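Open the structure in your viewer and keep the selection tool at hand. The stops below are meant to be taken in order.

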Amino acid sequence: MKYVLFRKIFLSSLIIALILLISLEIYLSSVVKDTYLSNLKDSLMIQAKLMAEELPLTFTNNLDDFCKRYKEKTGARVTIIDSSGRVLGDSDEPSDIMDNHSNRPEIRDAEISDVGSSIRFSKTIQKNFFYLAIAVNQDSDKMFLRLSLPLHGLEKAMNTIRMRVIIASLLALFVAIIVGLFQTRKITKSIEEITSFSQKVKTGDFKKRLFLKEKGELGDLGKNISDMAQELNNRLQQSEDEKRKMEAILRNMSDGLMLTDKKGRILLFNSSIKKIFGIESNIEGKTLMETLRKVELMEVVDKVVQGKETISREITVTYPKELYLMTTATPFYSQASTEEISGVVVMFHDITRLRQLEEMRKDFIANVSHEIKTPITAIKGFAETLLEGAINDKENAYRFLETIRNHSERLNSLVSDLLTLSRIELGDIKIEKTTVNLDAVVNTIFETMREKAQKKGLYLKKEISPDVREIQADKDRLIQILINLVDNGIKFTEEGGVTVKVQIPSSPPFSKGGHGGINDSSFVLHPSSLNNSIEISVEDTGIGIPKKHLPRLGERFYRVDRARSRELGGTGLGLAIVKHLVKAHSWDMAIESTEGVGTKVRISCPVA
Ligand code: ADP
């Protein structure tokens, strides 16, 4: 690069120097020539005039001798010509043999304006000659006196000047080359620095800054490039940061997000899209139809492109999981000013849980209505029968009233269980843990349930390990949990009884998968928890629960035998309440049961 620049500078200086040299030579030559000729003309004029005065007035012979004499004095060739052009005398040749001179340019000019001059090449002497002729009046006759000199003096002078000009120019050129070289070196050094700096910037290396020693335009250029690179670096940094933020947002978004062009070609998507639609390959650049195979999605995108308005639609996905997705498609414009849509942003919000809750709500309302309707219908029916006259039939009337009371009690327990559940769910029931004596709690429960158990001839047994006397719990809620469980035990046991045990578990509290159960599926057995937990269990020798029902126990109104449960005054909410209260204590629960053998509900209470 350095040599290219140098060559260019050198060549252009050389050309300029040559042009200058030639112009100078032409100019000086013409000045020298003009001056020389003018001086020559003046001097020859003076000599010619002086000579004219000496011309003999009369002469018989030719004037060759006169001319020769004067040539010796002046050094110039002297020729005398009469008005007809005949040569009367000449210093160099015999005038008799000389041809007529009337057509010579200097003679013609002198004829008109008394003085004439010209430069001609003499074939005889092979040199340029300067001729000056003046008109001389001799007795009413006109004659011409002509002096001529070879111009070798002029050529000599011009050659000398040319030589000097060349020497001076070569000297100047040499100096110019040296200075140019020095200047070029300085400039190329700066340019090299700028080039190497810009090469680094090109490869993304913005670490160094550019400082040039050179001042002036090149210095400014260097500074501007350095500033520009710095600015570029800042902007790149900013856009990198923005990109990173965007990527972090996209990556951590639970909602699926994708960007498509107007034809539904996927331009961008986040990781949730892969999870939602069970995609493993890269879908960038592919169409929605190819990848997600959802016609309704393509329709939504088309509609957004045509209508340029946001559209929301619910779509369902069956693979890899059944999901309900609220899909919102919005047009996007790459430039704020433009009216033309660049593509569509599609958001997928998982509303499966919402849908499930809605379903649960519907089921719940249907269940509650059904549960309430039964006792109310019965109460209404028996009351009407009584009013219609059965009241007078004392024996039956008593039975009917008792049925009405039983149904009212059922209704009462139903409403009270529902209230308890909703209070737990609303957070109205706060768990306030205190140190609770387990023996005392179990005694209270047994006192409450003793009569019910005795009626069925069942025993109530407690086995409390001496190592565990106390527990951190909300006493009233713990009593409620155990009453519900003991009550279930009594209800679904015909022989034997119910045992409440409190111990430090020696075996894993809940075996996952074996018996299923309603223990929180997130419960993870940790070896250390074996020693750091207390297990409270309620075990009966009753009818047991078929395996297939175990996973659903604890759902509201879920019962194995609906008719039997109702007959026994159950509401189908007991285990749901237990489950919620156990969870509120941050405990875990599992149900193990064998049909015809009995049921065991185990509650694991971690000790801090
Ligand atoms: P219910 O008021 O019907 O007892 P729960 O929620 O307490 O309602 O129990 C739900 C269902 O679980 C019961 O209807 C019953 O079928 C079954 N169940 C609960 N505990 C036992 C048990 N100890 N033995 C057998 N089945 C039980």
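The domain bounds used on this tour come from an automatic or database domain assignment. The model itself is predicted.

**Stop 1: the domains.** Colour the chain by its assigned parts: domain 1 (4–156), domain 2 (253–350), domain 3 (356–424) and domain 4 (430–606). Then select domain 2 and domain 4; their C-alpha centres lie 49 Å apart.

**Stop 2: isoleucine 471.** Centre the view on this residue and ignore its neighbours within four places in sequence. Its remaining contacts include Thr434, Thr435, Val436 and Leu438. Further along the chain, isoleucine 471 also meets Leu478, Ile534, Ile536, Trp587 and Cys605.

Stop 3: Are cysteine 67 and cysteine 605 buried or exposed? Buried means under 20% relative accessible area. Cysteine 67 has 0% relative accessibility, so it counts as buried. Cysteine 605 has 1%, and therefore counts as buried too. If you look for disulfides, a search of the whole structure finds zero.

**Stop 4: the ligand.** Select the ligand and show what surrounds it: 19 residues, of which the closest are Asn488, Asp540, Ser565, Thr571 and Leu575. Next, look at individual atoms:

- Valine 560: a polar backbone atom is 3.1 Å from an oxygen atom of the ligand.
- Glycine 574: a polar backbone atom is 3.2 Å from an oxygen atom of the ligand.
- Threonine 599: an N or O atom in the side chain is 3.4 Å from a nitrogen atom of the ligand.

Finally, show the ligand's surface. On its own, the ligand has 530 Å² of accessible area, and the protein covers 96% of this.

Key: Residues numbered from 1 in each chain as written. Predicted model: local features only at pLDDT ≥ 70, side-chain atom pairs only at ≥ 80, totals over all residues. Heavy atoms only, no water. Contact = heavy atoms within 4.5 Å. Near = heavy atom within 4 Å. Polar contact = N/O pair within 3.5 Å; in protein donor to acceptor, adjacent residues only side chain to side chain. Areas by Shrake-Rupley, 256 points an atom, 1.4 Å probe, with all protein chains shown as cover. Disulfide = S-S within 2.5 Å. Buried < 20%, exposed > 50% of the residue type's maximum accessible area, 1.4 Å probe, protein only.
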